[in-house]
Amino acid sequence: MNTENNQTTTTLSKVISHVFVTGTAKQGSLGPPIGLVDIGVSEAAYIFRVSLPGIEKNQNKIKCEIQREGRVCIQGVVPEIAIPSETGYLYRMQVQQLCPPGPFSITFNLPGQVDPRLFSPTFRSDGILEVVVVKLGVRVPTS
């Protein structure tokens with residue numbers, strides 16, 4: 001059992017060390033970072049969660065491409081935000097510690113092969129994209 005846990009830990013640490021961010025996701029370092037990734041494993045599937053603070057579900061189109069070998073690429077745009085006030089003025093950020101506006105991509109590998117047709121994405125209200133994707137060769141019961 002101990003050997004199995006060590007192998008799982010080693011596999012997951014290799015996965016986490018290969019997360020790449022580009023564009024504005026790479027620049028945002030002071031505030032809540034965009035592109036932090038959690039990966040979970042079950043017998044039948046993988047789950048991953050990606051932090052996307054400042055991005056709202058209905059405001060932006062997030063593209064999530066999952067390839068058979070387990071490579072995941074998430075692309076989108078951090079919007080420029082103008083904050084309206086009660087007096088009618090719009091405020092533009094002068095100090096910006098959150099991820100700056102602009103395009104981003106986040107790419108990482110899951111620990112194994114998957115069936116890219118069998119995934120279930122959820123964009124949570126707290127800015128977390130959560131996706132469950134079935135491992136390749138696993139039979140999924142039909143309702």
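A quick word on exposure before you click anything: buried means under 20% relative accessible area, exposed means over 50%, and partly exposed is in between (1.4 Å probe, protein chains only). This is a predicted model, so local features need pLDDT of at least 70 and side-chain atom pairs count only at pLDDT 80 or more, while totals for chains, interfaces and linings use all residues. Residues are numbered from 1 along each chain as its sequence is written, and side-chain values use heavy atoms, with hydrogens and water left out.

Start by selecting Arg117, which counts as exposed at 69% relative accessibility. (A salt bridge here is a side-chain nitrogen of Lys or Arg within 4 Å of a carboxyl oxygen of Asp or Glu.) Asp115 is buried, at 10% relative accessible area.

Next, pick Arg124, partly exposed at 27%. Which side chains does Arg124 meet in salt bridges? Show Asp126, at 2.7 Å N to O, and then Glu130, at 3.1 Å. Shared partners link Arg124, Asp126 and Glu130 into one network. Asp126 is partly exposed at 48%, and Glu130 is partly exposed at 22%. The count for the model comes to four salt bridges.

Last stop: the cysteines. Searching the whole structure turns up zero disulfides, a disulfide being a pair of cysteine sulfur atoms within 2.5 Å. Cys64 itself is partly exposed, at 23% relative accessibility.
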